[in-house]
Amino acid sequence: MTVGWRMSVASVLAVGCMVCVTPVAAHHSAAAAYDESKRVEAQGTVKRVLVKNPHSWVFLESADDKGQKIEWQIEMGGVTSMAWTKDALPIGAAVKVAGNPSRAPGSHGMTGASFTKADGTPIGPRGGRGEYTPR
Amino acid sequence: MTDFPTWLQGSAVGVWTRESPSIWAYPTVLTLHTMGLGVLVGANAVIDFRLLGCAPRLPIASLIPLYRFMWAGFALNALTGAMLFASDATVKAGQPVFYIKLALIACALVVTGVIRKTVERGPGLHDADPIAAPGRRLAALSLLLWAAAVTAGRLMAYL
């Protein structure tokens with residue numbers, strides 16, 4: 001194999017590695033879609049809970065500063081980490097939630113959320129931090 | 001009447017893969033999809049690198065049984081891939097990168113088939129000699145296409 005071939009194969013592999021590795025890292029840190037250096041709080045009513053793989057969702061009906069109705073879209077863990085929500089997060093429950101906000105401008109998304117009841121009592125395992133539970 | 005992706009997503013296999021809390025559902029299917037990829041693309045890479053001149057003492061004819069492993073890996077991934085597609089069909093069917101991935105796999109399979117013919121026919125591929133330029137070009141193209149197919153597959157989770 002000539003030096004030229006060696007170089008081209010090495011380049012292809014190097015580029016392939018960079019392209020592959022970057023999104024994988026983003027996936028595990030959720031840093032591509034959410035700003036983990038910030039924390040937002042919201043309160044509202046549980047409208048819908050989607051328990052599915054690879055990620056589940058909780059939808060919260062809430063209001064913004066001006067009293068306009070908004071929907072918080074909260075990205076959660078996979079099915080196995082969501083067993084607690086069946087009893088602890090019923091539809092219509094009034095909850096408070098805090099988590100890392102979505103980077104998308106104008107959106108109301110968050111992840112890494114911890115839930116409490118309106119009076120501040122934690123909901124779910126590990127003091128309300130129910131998702132991404134390490135096993 | 002519902003369209004095909006909607007029907008597929010609501011089918012038993014789609015619902016089970018997406019929503020079952022069983023460790024044998026989504027986690028296992030996704031893991032098997034990665035293992036099948038490892039066997040298929042890994043065995044391909046062995047032959048491609050051999051044709052590019054790596055491991056010159058390895059007789060090329062001795063690598064032919066690897067094609068059986070490739071097909072096993074491909075069959076496993078066709079099955080698990082169909083299940084993963086079913087679990088999220090309405091989204092995946094709308095992703096351009098999914099069709100790019102399928103096209104790249106089709107092209108890579110064609111190149112793999114051509115390389116197999118070259119490997120089996122033998123003449124021009126004397127083990128001690130440097131492999132002829134067309135063989136090397138095919139091998140490099142094969143590596144590139146499989147790497148691109150893997151990349152497109154990985155990007156489906158992000159685009």
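Does Ala55(B) count as buried or exposed, and how many C-beta neighbours inside 10 Å does Ala55(B) have? Ala55(B) has 10, so Ala55(B) counts as exposed. The cut-offs are counts of other C-beta atoms within 10 Å of a residue's own: 20 or more is buried, 12 or fewer is exposed, and in between is partly exposed, with C-beta atoms placed from the backbone. Ala55(B) lies in the loop between helix H3 (26-51) and H4 of chain B. Its phi is near 45°, a positive value in a residue other than glycine.

This is a predicted model, in which local features need pLDDT of at least 70, side-chain atom pairs count only at pLDDT 80 or more, and totals for chains, interfaces and linings use all residues. Residues are numbered from 1 along each chain as its sequence is written, while chains are lettered from A and ligands numbered from 1 in the order in which they are written.

Start with chain A. It has two helices and six strands. From the N terminus on, they run α-β-β-β-α-β-β-β. Helices (H or I, at least four residues) and strands (E, at least two) are DSSP runs, numbered from the N terminus. Of the 135 residues of chain A, 24% count as buried.

The mean pLDDT (the predictor's confidence in each residue, from 0 to 100) is 80 for chain A, and 71% of the residues score at least 70. Within chain A, strand E3 (residues 69-75) has the highest confidence, at 96, and helix H1 (residues 3-29) the lowest, at a mean of 53. Over residues 21-28 of chain A the pLDDT is below 50, and this stretch has six contacts in the model beyond near neighbours in sequence. A contact means that the C-beta atoms of two residues, placed from the backbone, lie within 7 Å.

Now look at Pro54(A). It sits in the loop between strand E1 (40-50) and strand E2 (57-63) of chain A. A cis peptide bond joins Asn53(A) to Pro54(A), with omega about 0°.

Met82(A) is in another loop, between E3 and helix H2 (85-88) of chain A. With 25 C-beta neighbours inside 10 Å, Met82(A) counts as buried. Leaving out residues up to four places away in sequence, Met82(A) touches Val51(A), Ser56(A), Met76(A) and Gly77(A). Trp57(A) is 25 residues from Met82(A) along the chain, yet their C-alpha atoms are separated by 9.8 Å.

Next come the cores. A nonpolar core is a set of buried Ala, Val, Leu, Ile, Met, Phe, Trp, Tyr and Cys residues joined through C-beta atoms within 7 Å. The largest has 24 residues, and Leu104(B), Leu145(B), Trp146(B), Ala148(B) and Ala149(B) have the most contacts inside it. H3, helix H6 (96-121) and helix H7 (133-155) of chain B each give two or more residues to this core. H7(B) gives the most, with 10 residues. Leu104(B) touches Leu145(B), Ala148(B), Ala149(B) and Ala152(B), not counting residues up to four places away in sequence. A second, separate core of 21 residues includes Leu60(A), Met82(A), Ala113(A) and Phe115(A).

Finish with a helix pair in chain B. The axes of helix H2 (residues 12-19) and helix H4 (residues 66-87) come within 7 Å and cross at roughly 85°. H2(B) and H4(B) are therefore roughly perpendicular to each other. H2(B) makes the contact through Val13(B), Gly14(B), Thr17(B) and Arg18(B), and H4(B) through Met83(B), Leu84(B), Ala86(B) and Ser87(B). Axes are lines fitted to C-alpha atoms, for helices over the stretch in contact, with angles from 0 to 180 degrees between N-to-C directions. Angles under 35 degrees count as roughly parallel, over 145 as roughly antiparallel, 65 to 115 as roughly perpendicular and the rest as oblique.
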